[in-house]
Amino acid sequence: MKQVGKGVGFSLLSPLIVGSVLGIYYSFTLGRSEMFFNLLLSAISNAYIVGLAMCLFVVPGYILMFKYNKVQYSGLLTLGLLGGALFSYLFSTQSGVGFIVNALMSMLAAGLFLFGLRARNHKTE
């Protein structure tokens, strides 16, 4: 279970990464530095969508797959994408760029969750 906690900790970096990357991109293309902070804070304010997707889709999916010894990384990434899309649709935006960014942010969180699990496994081997 300590492994799962470390993976969830890594997944919390997802809003920071997405907000920073989008903020840097738009601040360079538009030439306005305040755009960086606006997008970073917007991504952080939508971090609850990532948390809900991790809590209700990715972690239970991982535990179920682990129980049956059938962990598939593509399945967990898909669960993260679907969870992010569902909660983004229900609580944030129904369409547009915000919907896509929130869904991809949740998928990135699922990928970081897997990275946290794999980083632990490679260290012990």
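**Questions about a predicted model**

Me: In which helix does Ile44 lie?
Reply: Ile44 lies in a helix, and helices here are DSSP runs of H or I with at least four residues, while strands are runs of E with at least two, both numbered from the N terminus. This is a predicted model, in which local features need pLDDT of at least 70 and side-chain atom pairs count only at pLDDT 80 or more, whereas totals for chains, interfaces and linings use all residues. Residues are numbered from 1 along each chain as its sequence is written, and side-chain values use heavy atoms, with hydrogens and water left out. The helix that holds Ile44 is H3.

Me: Which residue meets Arg32 in a salt bridge?
Reply: A salt bridge needs a side-chain nitrogen of Lys or Arg within 4 Å of a carboxyl oxygen of Asp or Glu, and the structure holds one. The nitrogen and the oxygen are 3.0 Å apart, and the partner is Glu34.

Me: Which helix gives the largest share of the nonpolar patch?
Reply: Patches are made of residues with over 30% relative accessible area and no salt bridge, where like charges are joined within 9 Å and nonpolar side chains (Val, Leu, Ile, Met, Phe, Trp, Tyr) within 5 Å. Here Leu13, Leu16, Ile17, Val21, Leu41, Ile44 and Leu108 form such a nonpolar patch on the surface, with about 560 Å² of accessible area together, computed by the Shrake-Rupley method with a 1.4 Å probe, where for residues only the protein chains shown count as cover. The elements that give two or more residues to the patch are helix H2 (14-30) and helix H3 (34-45). The largest share, three residues, comes from H2.

Me: What is the relative accessible area of Ser11?
Reply: Ser11 is found in helix H1, which covers residues 2-11. Counting a contact when heavy atoms are within 4.5 Å, and leaving aside residues up to four places away in sequence, Ser11 touches Val50, Met54, Ala109, Leu112 and Phe113. Ser11 counts as buried, and its relative accessible area is 1%.

Me: In which helix is the place of Ser88?
Reply: Ser88 is buried, with a relative accessibility of 0%. Apart from residues up to four places away in sequence, Ser88 touches Ile49, Thr93, Gly98, Phe99 and Asn102. The helix that contains Ser88 covers residues 73-92 and is H5.

Me: How far apart in space are the C-alpha atoms of Phe91 and Tyr48?
Reply: Phe91 also has its place in helix H5, where it is partly exposed with a relative accessible area of 48%. Not counting residues up to four places away in sequence, Phe91 touches Tyr48 and Leu52. Phe91 and Tyr48 are 43 residues apart in sequence, while their C-alpha distance is 9.7 Å.

Me: What is the phi of Asn69?
Reply: Most residues other than glycine have a negative phi. Asn69 lies in the loop between helix H4 (47-67) and H5, and at 68% relative accessibility it counts as exposed. Although Asn69 is not a glycine, its phi is positive, at about 60°.

Me: What is the radius of gyration of the protein?
Reply: The protein has six helices and zero strands. The radius of gyration is taken over C-alpha atoms, and the globule rule is 2.2 Å times the number of residues to the power 0.38. For 125 residues this rule gives 14 Å, and the value for the protein is close to that, so the protein is as compact as a globular protein of that length, with a radius of gyration of 15 Å.

Me: How far apart are the end C-alpha atoms of residues 97-117?
Reply: An unreviewed UniProt entry annotates residues 7-28, 48-66, 73-91 and 97-117 as "transmembrane region"; such positions are given in the numbering used here, feature names are shortened, and annotations may be inferred rather than shown by experiment. Over residues 73-91 the chain is 100% helix and 0% strand, with its end C-alpha atoms 27 Å apart. Residues 97-117 are likewise 100% helix and 0% strand, and the distance between their end C-alpha atoms is 30 Å.

How values were computed:
Buried < 20%, exposed > 50% of the residue type's maximum accessible area, 1.4 Å probe, protein only.
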